[in-house]
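Here is a briefing on one protein model. Look over the sequence and the structure first, then read the points below.

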Amino acid sequence: MFLDQDQYIHWHRVKDDNVVRDSFWSHPDAVKLTNSCNLIFLIDSTYKTNRYTLSLLDIVGVTPTRMTFSATFSYLEGERLNNVVWTL
């Protein structure tokens, strides 16, 4: 509800029993920066640091003036190839 209120871009995938498997969100301003500054991205993942044991995948972009911005965030069920490709 809060993501819709602030107009975030967000998607999620659900398991068979209505449990969230993967979740993705990005701020509209971050999407604009991603489209205009799309040469360098740093992808980092933290391992099971929340109570749901989901990995947090953080994608950070770099502008031509060497400033960084958070492009997207995702909680992933696992770090398998299809989960990361889904986020990208």
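Leu-57 counts as buried, because its relative accessibility is 5%, and buried means under 20% relative accessible area, exposed over 50%, partly exposed in between (1.4 Å probe, protein chains only). This is a predicted model, where local features need pLDDT of at least 70 and side-chain atom pairs count only at pLDDT 80 or more, while totals for chains, interfaces and linings use all residues. Residues are numbered from 1 along each chain as its sequence is written, and side-chain values use heavy atoms, with hydrogens and water left out.

**Overall build**

- The chain has 3 helices and 5 strands; helices (H or I, at least four residues) and strands (E, at least two) are DSSP runs, numbered from the N terminus.
- Their order along the sequence is α-β-β-α-β-β-β-α.
- The C-alpha trace spans about 45 × 30 × 20 Å along its principal axes.
- Of the 88 residues in the chain, 28% are buried.
- Leu-57 sits in strand S4 (residues 55-62).

**Largest pocket**

- The largest pocket has a volume of about 200 Å³.
- A pocket is an open set of points on a 1 Å grid over the protein atoms alone, where a 1.4 Å probe fits, with protein on both sides within 12 Å along at least five of seven lines.
- Grid points are joined across faces, edges and corners, and the volume is the space filled by probe spheres set on them.
- Lining residues have an atom within 4 Å of a point; among them are Trp-11, Phe-24, Phe-41, Ile-43, Thr-72 and Trp-86.
- Strand S3 (40-46), strand S5 (68-76) and helix H3 (81-87) each give two or more residues to this lining.
- By class, the lining has 8 nonpolar, 3 polar and no charged residues.
- In this scheme Ala, Val, Leu, Ile, Met, Phe, Trp, Tyr, Cys and Pro are nonpolar, Asp, Glu, Lys and Arg are charged, and the others, Gly among them, are polar.

**Salt bridges**

- The whole structure holds 5 salt bridges, each a side-chain nitrogen of Lys or Arg within 4 Å of a carboxyl oxygen of Asp or Glu.
- Arg-21 pairs with Asp-22 at 3.8 Å, N to O.
- Arg-21 is partly exposed at 23% relative accessibility, whereas Asp-22 is buried at 0%.
- Glu-77 also bridges to Arg-21, with the closest N and O atoms 3.3 Å apart.
- Glu-77 lies in the loop between S5 and H3 and Arg-21 in strand S2 (residues 20-26), so this pair ties together parts 56 residues apart in sequence.
- Glu-77 forms a salt bridge with Arg-80 as well, at 3.5 Å between the closest N and O atoms.
- Glu-77 is partly exposed at 24% relative accessibility, and Arg-80 is partly exposed at 47%.
- Shared partners join Arg-13, Lys-15, Arg-21, Asp-22, Glu-77 and Arg-80 into one salt-bridge network.

**Nonpolar surface patch**

- Leu-39, Ile-40 and Leu-42 make a nonpolar surface patch of about 350 Å².
- Patch residues have over 30% relative accessible area and no salt bridge; nonpolar side chains (Val, Leu, Ile, Met, Phe, Trp, Tyr) are joined within 5 Å, like charges within 9 Å.
- Accessible areas come from the Shrake-Rupley method with a 1.4 Å probe, and for residues only the protein chains shown count as cover.
- Ile-40 belongs to strand S3 and is partly exposed, with a relative accessible area of 46%.
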